[in-house]
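Colleague: Hi! Could you walk me through this one?
Modeller: Happy to. Here it is.
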Amino acid sequence: MAEQQPVPWALLAADAATVERYRAKVYDRGPDRCAYYLGAISSSGHGKLRAGSRKTNTSRVVTAHVLGFVIAHGAQALAPGAVVRHRCDESSCQQPTHWMSGERLDNIRDYYARSHRAGHALGDVRGPDGRAVAIRDAILNAQATGADVEAAIAAAIAAGNPSGASQDALF
(Lines give C-alpha, C1' and ligand atoms only; values in the text may rest on other atoms or scores of the structure.)
Protein backbone atom coordinates (compact mmCIF):
# COMPACT_ATOMS: atom_id res chain seq x y z
CA MET A 1 0.00 0.00 0.00
CA ALA A 2 1.38 3.38 -1.01
CA GLU A 3 2.05 5.92 1.72
CA GLN A 4 -0.49 8.72 1.66
CA GLN A 5 1.06 12.08 0.87
CA PRO A 6 0.13 15.12 2.95
CA VAL A 7 -2.46 17.39 1.41
CA PRO A 8 -0.74 20.37 -0.27
CA TRP A 9 -3.23 22.86 1.21
CA ALA A 10 -1.31 25.99 0.21
CA LEU A 11 -1.07 24.84 -3.42
CA LEU A 12 -4.75 23.91 -3.53
CA ALA A 13 -5.85 27.24 -2.04
CA ALA A 14 -3.68 29.09 -4.57
CA ASP A 15 -5.13 27.16 -7.56
CA ALA A 16 -7.68 29.47 -9.21
CA ALA A 17 -9.63 26.61 -10.81
CA THR A 18 -9.94 24.81 -7.46
CA VAL A 19 -11.09 27.97 -5.68
CA GLU A 20 -13.64 28.65 -8.42
CA ARG A 21 -14.96 25.04 -8.25
CA TYR A 22 -15.25 25.31 -4.47
CA ARG A 23 -17.04 28.68 -4.48
CA ALA A 24 -19.47 27.52 -7.17
CA LYS A 25 -20.70 24.84 -4.74
CA VAL A 26 -21.36 27.17 -1.79
CA TYR A 27 -24.77 28.73 -1.19
CA ASP A 28 -23.84 31.94 0.65
CA ARG A 29 -26.64 33.45 2.74
CA GLY A 30 -24.72 36.50 3.91
CA PRO A 31 -22.49 37.41 6.83
CA ASP A 32 -22.69 35.26 9.95
CA ARG A 33 -25.31 32.88 8.48
CA CYS A 34 -24.54 29.28 7.57
CA ALA A 35 -23.42 28.96 3.96
CA TYR A 36 -24.37 25.47 2.81
CA TYR A 37 -22.39 23.14 0.56
CA LEU A 38 -24.23 22.10 -2.60
CA GLY A 39 -21.87 19.39 -3.86
CA ALA A 40 -21.07 15.86 -2.75
CA ILE A 41 -21.72 15.07 0.93
CA SER A 42 -19.78 12.44 2.91
CA SER A 43 -21.23 10.04 5.48
CA SER A 44 -20.17 12.53 8.17
CA GLY A 45 -22.22 15.29 6.50
CA HIS A 46 -19.17 17.21 5.29
CA GLY A 47 -18.82 18.50 1.76
CA LYS A 48 -16.34 16.76 -0.53
CA LEU A 49 -14.60 18.25 -3.55
CA ARG A 50 -11.97 17.16 -6.06
CA ALA A 51 -9.30 19.80 -5.75
CA GLY A 52 -6.04 20.42 -7.55
CA SER A 53 -4.92 19.06 -10.87
CA ARG A 54 -3.51 15.82 -12.22
CA LYS A 55 -1.07 17.89 -14.31
CA THR A 56 0.51 19.33 -11.16
CA ASN A 57 0.16 16.08 -9.17
CA THR A 58 -2.05 17.86 -6.62
CA SER A 59 -5.37 16.19 -7.53
CA ARG A 60 -7.24 14.71 -4.57
CA VAL A 61 -10.64 14.65 -2.94
CA VAL A 62 -10.68 16.93 0.09
CA THR A 63 -13.14 17.97 2.75
CA ALA A 64 -14.75 21.20 1.54
CA HIS A 65 -14.75 23.17 4.80
CA VAL A 66 -11.06 22.44 5.37
CA LEU A 67 -10.25 23.75 1.90
CA GLY A 68 -12.50 26.75 2.58
CA PHE A 69 -10.69 27.38 5.86
CA VAL A 70 -7.33 27.39 4.10
CA ILE A 71 -8.65 29.65 1.32
CA ALA A 72 -9.99 32.09 3.95
CA HIS A 73 -7.19 31.96 6.52
CA GLY A 74 -4.13 30.56 4.75
CA ALA A 75 -2.46 27.17 5.11
CA GLN A 76 -0.36 28.42 8.04
CA ALA A 77 -3.57 28.76 10.12
CA LEU A 78 -4.09 24.98 9.95
CA ALA A 79 -1.57 23.42 12.31
CA PRO A 80 -0.36 19.89 11.53
CA GLY A 81 -2.85 17.38 12.95
CA ALA A 82 -5.50 20.04 13.59
CA VAL A 83 -9.12 19.79 12.49
CA VAL A 84 -11.46 22.55 11.39
CA ARG A 85 -14.33 22.75 13.87
CA HIS A 86 -17.79 24.22 13.23
CA ARG A 87 -19.02 26.66 15.88
CA CYS A 88 -22.52 26.29 14.36
CA ASP A 89 -22.37 22.46 14.38
CA GLU A 90 -23.67 22.33 10.79
CA SER A 91 -21.34 19.82 9.14
CA SER A 92 -21.89 21.21 5.63
CA CYS A 93 -21.49 24.87 6.64
CA GLN A 94 -18.97 26.84 4.58
CA GLN A 95 -19.15 30.14 6.49
CA PRO A 96 -15.55 31.13 7.45
CA THR A 97 -16.73 32.95 10.60
CA HIS A 98 -18.24 29.65 11.83
CA TRP A 99 -14.92 27.77 11.73
CA MET A 100 -12.01 27.44 14.09
CA SER A 101 -8.92 25.30 14.02
CA GLY A 102 -8.57 22.95 16.95
CA GLU A 103 -7.79 19.52 18.25
CA ARG A 104 -9.83 16.44 17.36
CA LEU A 105 -10.50 15.81 21.06
CA ASP A 106 -12.06 19.30 21.41
CA ASN A 107 -14.29 18.52 18.44
CA ILE A 108 -15.42 15.28 20.10
CA ARG A 109 -16.10 17.11 23.37
CA ASP A 110 -18.20 19.69 21.49
CA TYR A 111 -20.27 16.90 19.99
CA TYR A 112 -20.98 15.19 23.31
CA ALA A 113 -21.74 18.49 25.04
CA ARG A 114 -24.31 19.59 22.45
CA SER A 115 -25.67 16.54 20.61
CA HIS A 116 -28.36 15.84 23.23
CA ARG A 117 -30.04 19.26 22.92
CA ALA A 118 -33.55 19.07 21.49
CA GLY A 119 -33.78 20.75 18.11
CA HIS A 120 -30.00 21.08 17.77
CA ALA A 121 -28.17 20.34 14.50
CA LEU A 122 -26.24 17.51 16.16
CA GLY A 123 -29.48 15.92 17.38
CA ASP A 124 -31.08 15.70 13.91
CA VAL A 125 -32.84 12.32 13.58
CA ARG A 126 -31.40 11.86 10.05
CA GLY A 127 -27.80 12.11 11.22
CA PRO A 128 -25.31 14.66 9.90
CA ASP A 129 -25.29 13.31 6.35
CA GLY A 130 -29.08 13.10 6.15
CA ARG A 131 -29.39 16.66 7.41
CA ALA A 132 -26.74 18.01 5.02
CA VAL A 133 -28.27 16.20 2.04
CA ALA A 134 -31.79 17.41 2.94
CA ILE A 135 -30.62 21.03 3.18
CA ARG A 136 -28.58 20.78 -0.03
CA ASP A 137 -31.49 19.21 -1.93
CA ALA A 138 -33.96 21.77 -0.55
CA ILE A 139 -31.77 24.64 -1.78
CA LEU A 140 -31.24 23.10 -5.22
CA ASN A 141 -34.94 22.29 -5.62
CA ALA A 142 -35.99 25.78 -4.52
CA GLN A 143 -33.55 27.38 -6.94
CA ALA A 144 -34.76 25.17 -9.79
CA THR A 145 -38.44 25.93 -9.16
CA GLY A 146 -38.17 29.57 -8.10
CA ALA A 147 -39.42 28.75 -4.60
CA ASP A 148 -38.35 30.64 -1.47
CA VAL A 149 -34.92 29.22 -0.61
CA GLU A 150 -35.00 30.35 3.02
CA ALA A 151 -38.39 28.68 3.54
CA ALA A 152 -37.03 25.50 1.93
CA ILE A 153 -34.00 25.53 4.25
CA ALA A 154 -36.23 26.05 7.30
CA ALA A 155 -38.50 23.17 6.25
CA ALA A 156 -35.52 20.86 5.65
CA ILE A 157 -34.10 21.68 9.07
CA ALA A 158 -37.48 21.24 10.80
CA ALA A 159 -37.95 17.81 9.20
CA GLY A 160 -34.99 16.53 11.22
CA ASN A 161 -36.71 17.49 14.47
CA PRO A 162 -40.15 15.87 14.20
CA SER A 163 -41.04 16.60 17.84
CA GLY A 164 -40.62 20.35 17.29
CA ALA A 165 -38.94 20.60 20.70
CA SER A 166 -36.04 22.98 21.20
CA GLN A 167 -33.61 23.80 23.96
CA ASP A 168 -31.75 27.07 24.15
CA ALA A 169 -28.13 27.16 25.18
CA LEU A 170 -27.62 27.74 28.88
CA PHE A 171 -25.07 30.50 28.31
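Modeller: One term to begin with: contact means heavy atoms within 4.5 Å. This is a predicted model, where local features need pLDDT of at least 70, side-chain atom pairs count only at pLDDT 80 or more, and totals for chains, interfaces and linings use all residues. Residues are numbered from 1 along each chain as its sequence is written, and side-chain values use heavy atoms, with hydrogens and water left out.
Colleague: Thanks! Which residues of H5 meet H6?
Modeller: From H5, Arg131, Ala134, Ile135, Ala138, Ile139, Ala142 and Gln143 touch Val149, Ala152, Ile153, Ala156 and Ile157 of H6. Helices (H or I, at least four residues) and strands (E, at least two) are DSSP runs, numbered from the N terminus.
Colleague: And at what angle do H5 and H6 pack?
Modeller: About 155 degrees, with the axes of H5 (residues 127-145) and H6 (residues 149-159) 8 Å apart. Axes are lines fitted to C-alpha atoms, for helices over the stretch in contact, and angles run from 0 to 180 degrees between N-to-C directions. H5 and H6 are therefore roughly antiparallel (angles under 35 degrees count as roughly parallel, over 145 as roughly antiparallel, 65 to 115 as roughly perpendicular and the rest as oblique).
Colleague: New topic: how do H2 and H3 pack?
Modeller: H2 (residues 16-24) and H3 sit at about 120 degrees, their axes 11 Å apart. That makes H2 oblique to H3.
Colleague: Which residues make that contact between H2 and H3?
Modeller: Thr18, Val19, Tyr22 and Arg23 come from H2, while Ala64, Leu67, Gly68 and Ile71 come from H3. By class, the contact of H2 with H3 has five nonpolar, two polar and one charged residues. Ala, Val, Leu, Ile, Met, Phe, Trp, Tyr, Cys and Pro count as nonpolar, Asp, Glu, Lys and Arg as charged, and the others, Gly among them, as polar.
Colleague: Which element gives the most to the lining of the largest pocket?
Modeller: H4, with six residues. A pocket is an open set of points on a 1 Å grid over the protein atoms alone, where a 1.4 Å probe fits, with protein on both sides within 12 Å along at least five of seven lines; lining residues have an atom within 4 Å of a point.
Colleague: And the classes in that lining?
Modeller: The lining of the largest pocket has 14 nonpolar, ten polar and nine charged residues.
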